Amino acid sequence: LVLFEEALATNDGTNDRARLRLFTLQASAYAYLGDSAAALEILNEALTLSEQVNDELRRLQLLNRIAMTNHSNGNVAESLEGFKSLLNELTGVNDDPSLLSQVLYNYASVLLANGDLDQAERLGMRSLSLRKGIGNSIQTAEAHSLVSRVHWRKGNARSALDAANEAIEMI
């Protein structure tokens, strides 16, 4: 963490994209260490910078990370609102299926954790469909695994097993 702080301190502001990357890495380190409050603070700094430099893709990615970090902090309502707002912003505006599939996956995971099984299933299936189209087998397997967990929680053991087997076959 000290290295991130030193690198950010020595950055003279001429390379804002590098600062964005450093902020993102620093936030990941804090989150890994279990300090999601510090991670959230840094992500919000990065969000402000992404808006200043008009980096729309990074801004959307940061909103996704902020929503996930809010969930890790126990701020469930903020997390759900963040995902809902982000999903509305992405629908029809951003043509990056990878980002959309990640947001859908993360949102569905939070919904699953909070017992909204029908919505989690719907968003998980959308993420799965996008990930199949992208062709990333690891991400597709993750989505199958998410769908499996939703089916299991809904009491559909056969569907859960089928989705789990799909995930295993992908990796």
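Modeller: A salt bridge is a side-chain nitrogen of Lys or Arg within 4 Å of a carboxyl oxygen of Asp or Glu. Here D162 forms one with R158, the closest N and O atoms being 3.2 Å apart. This is a predicted model, in which local features need pLDDT of at least 70, side-chain atom pairs count only at pLDDT 80 or more, and totals for chains, interfaces and linings use all residues. Residues are numbered from 1 along each chain as its sequence is written, and side-chain values use heavy atoms, with hydrogens and water left out.

Biologist: Where do D162 and R158 lie relative to one another in the helix?

Modeller: Helices (H or I, at least four residues) are DSSP runs, numbered from the N terminus. D162 and R158 are four residues apart in helix α9 (residues 157–170), and therefore separated by about one helical turn.

Biologist: Are D162 and R158 buried or exposed?

Modeller: Buried means under 20% relative accessible area, exposed over 50%, and partly exposed in between (1.4 Å probe, protein chains only). D162 is partly exposed at 38%, whereas R158 is exposed at 56%.

Biologist: Which parts of the chain does the salt bridge between D55 and R17 link?

Modeller: The side chains of D55 and R17 meet at 2.8 Å, N to O. This pair links distant parts of the chain, 38 residues apart: D55 is in the loop between α3 (36–52) and α4 (56–72), and R17 is in helix α2. D55 counts as buried, at 16% relative accessibility, while R17 is partly exposed, at 47%.

Biologist: How many salt bridges does the structure hold?

Modeller: It holds eight; E56, R59 and E89 are linked in a network of such bridges.

Methods:
Helices (H or I, at least four residues) and strands (E, at least two) are DSSP runs, numbered from the N terminus.
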